2 protein chains.
Amino acid sequence: MTTAPAPRRGRPPSGGREEILSATLAVLRERGVAKLTTREVARRAGVSEGSIYYHFTDRFGLLLAVFERGLRPLADLNQRGFAGPDLRGTLAGFMAAVEAFLDPAVDVLTAAQSDADLREALGTHMRDNDLGPHRGITMLGAYLEQQQRLGVVRADVDPETVAYTLVSGCFMRASQERMVGHTLGVASREQQLDLLMTLLAPTEDAVK
Amino acid sequence: MTTAPAPRRGRPPSGGREEILSATLAVLRERGVAKLTTREVARRAGVSEGSIYYHFTDRFGLLLAVFERGLRPLADLNQRGFAGPDLRGTLAGFMAAVEAFLDPAVDVLTAAQSDADLREALGTHMRDNDLGPHRGITMLGAYLEQQQRLGVVRADVDPETVAYTLVSGCFMRASQERMVGHTLGVASREQQLDLLMTLLAPTEDAVK
DNA sequence: GTCTATAGGTTGATAGAC
DNA sequence: GTCTATCAACCTATAGAC
């Protein structure tokens, strides 16, 4: 075989469906759901409105497709291993991955709140596919518990609560700028990491 | 004087403006911004659409009024003192206040994301009025720093980062159920509090 | 699969009586 | 201050040609 890349099914780029999906996400992020009209999406995607209705049943279906697509990285993120050699590096990597997922995902989750039906549909999708922060939190919790047994992490903290704390810090970091208009009060990833390391370090009393 | 309550200016209840504002918030929370039409608001408030346009310049102005109203409790919350006798009680009280504010506020912040103009207007309002989590975080940070000097809190943690951690946990608790459709992975207020107390407790090494 | 054209239905906003 | 009646604009969705 030659230098041919991985073989695919549909047509690689220029596929109208993909154009429509990414145009929809772009409009969603830049102008908001309220301004997300089929007209505007068609214009951006360089297709006609009719095309949209060929690929998707209706506006609702289009939005759902964009939502599911935006949440898909979470499934992958939940499955890949992440445990590294050193504690700090592992936590840092986890945080980076969470924030990378959250950046676009927050927009999607937020947009779904604009309509009760959308919210309900997305909630169902997340429940059915076991999506949410819990998988990652459980995984990280298990890792921390293991580190506890190794004596690397102090034994008198609840691992899952630590994991929740880490994720919630990432979530707020990913949300605040967009939602509040500034980042005042937000701790940096490094600051949060420093704090977590201080918290997790075994102490003389606790190690006993 | 008789049993007359406090004197007021406008008509006490039944004031059309108030009715409209609370009807708007109700529709916002139940059906979402997308379904928030002047028709629906008028119906719920028991007034005509014309009345809405008498009290507010347009739909945009109505929404802004509701947003500012929903964020108002934050200003109060930022000003009241909160330092109590014991550390745990103080933190618990702070968390409760933050979550009480956040419960309705998250809906408002989320709704503002539906339109770029709304988001921009609300962001400006928050910047102009110095609103956001930073005031509370700074206050709590100062309190923790004081407790450090008193030896009640271990000295080798950054107080503001601890405060951020506490608030971010509240923020995620207030957001997740609405946005994800379930609360899996979310640590309870008690669990978070336990973890914080463990973190803050002075250690033999650190106290030195 | 993609287009054009258009029907059908909402919605925000105004005018003017009371 | 509140109402009724109405308009103009816009948007979703469909039909049918290519």
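Helices are DSSP runs of H or I with at least four residues, numbered from the N terminus. Keep that in mind for this predicted model, where local features need pLDDT of at least 70, side-chain atom pairs count only at pLDDT 80 or more, and totals for chains, interfaces and linings use all residues. Residues are numbered from 1 along each chain as its sequence is written, and chains are lettered from A in the order in which they are written.

**Two helices in chain B**
- Take H5 (residues 87-112) and H7 (residues 134-149) of chain B: their axes, lines fitted to C-alpha atoms over the stretch in contact, come within 12 Å and cross at roughly 180 degrees.
- That makes H5(B) roughly antiparallel to H7(B) (the word covers angles over 145 degrees, taken between N-to-C directions).
- On the H5(B) side, B:Leu87, B:Thr90, B:Leu91 and B:Phe94 do the meeting; their partners in H7(B) include B:Leu140 and B:Tyr143 (contact means heavy atoms within 4.5 Å).

**A closer look at B:Gln176**
- You'll find B:Gln176 in helix H8 (residues 159-180) of chain B.
- B:Gln176 counts as buried because its relative accessibility is 4%, and the cut-off is under 20% with a 1.4 Å probe, protein chains only.
- A polar atom of the B:Gln176 side chain sits 2.9 Å from the backbone oxygen of B:Leu184.
- Leaving out residues up to four places away in sequence, B:Gln176 touches A:Pro133 and several chain B residues, among them B:His182 and B:Val186.

**Where the chains meet**
- Across the two chains, 56 residues of chain B are in contact with 56 residues of chain A.
- B:Tyr164, B:Met179 and B:Leu195 supply 15% of the area that chain B buries against chain A, more than any other three residues (buried area is the accessible area, 1.4 Å probe, that two parts lose on being put together, summed over both).

Note on methods
Heavy atoms only, no water. Axes fitted to C-alpha atoms, helices over the stretch in contact; angles between N-to-C directions. Parallel < 35°, antiparallel > 145°, perpendicular 65-115°, else oblique. Buried < 20%, exposed > 50% of the residue type's maximum accessible area, 1.4 Å probe, protein only. Polar contact = N/O pair within 3.5 Å; in protein donor to acceptor, adjacent residues only side chain to side chain.
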